[in-house]
Amino acid sequence: MLAEVCMRPVVTIEGKASVRDAARLMRQKRVGALVVVTNHRPKGIITDRDIAVAVVAEGLDPAEVPVADVMRSNPAVIRGDKGILDAVRLFDAKAVRRLPVVDNRGFVTGIIALDDILML
């Protein structure tokens, strides 16, 4: 089950936070992506690449840009009681590299990356 192998605790941020805060949190926690949440439910994902391409390359001030303006909204998610093969199928179907793992209430409990699956 994915709940047993996903990365925990998942590093989250709210959409109203600045991109600068997101980048600092990524550096502090040594992660390349954050799950953007509202009331513990995933609303988006922001990656270091999103920050580089959508903010830095555009010459925008990361302190002024909210995460919600850069994140990829409505992320594909997977329940923790699903298996690795379910995750592989979803990675393929949605063409994503990271999936927030949620419980039966839709609360984010972890994250699994395609690279994690390859390492398993």
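Two exercises on a predicted model follow, each with a worked solution.

Local features need pLDDT of at least 70 and side-chain atom pairs pLDDT 80 or more, while totals for chains, interfaces and linings use all residues. Residues are numbered from 1 along each chain as its sequence is written, and side-chain values use heavy atoms, without hydrogens and water.

**Exercise 1.** Determine which residues of α2 (19-29) are buried and which are exposed, and where they lie around the axis.

Solution. 
1. Helices are DSSP runs of H or I with at least four residues, and strands are runs of E with at least two, numbered from the N terminus.
2. Val19, Ala22, Leu25 and Met26 of α2 are buried (under 20% relative accessible area; exposed is over 50%, partly exposed in between, with a 1.4 Å probe and protein chains only).
3. These residues cover an arc of only 120° around the axis, so they sit on the same side of α2; the arc is taken from the directions from the helix axis to the C-beta atoms.
4. Arg27 and Gln28 are exposed on the other side of α2.
5. The buried residues pack against β1 (12-14), β2 (33-38), β3 (41-47) and α3 (48-56).

**Exercise 2.** Locate serine 18 and list its contacts beyond four places in sequence.

Solution. 
1. Serine 18 lies in the loop between β1 and α2.
2. Serine 18 is buried, at a relative accessible area of 11%.
3. Apart from neighbours within four places in sequence, serine 18 is in contact (heavy atoms within 4.5 Å) with Pro62, Ala63, Val65, Pro66 and Val67.
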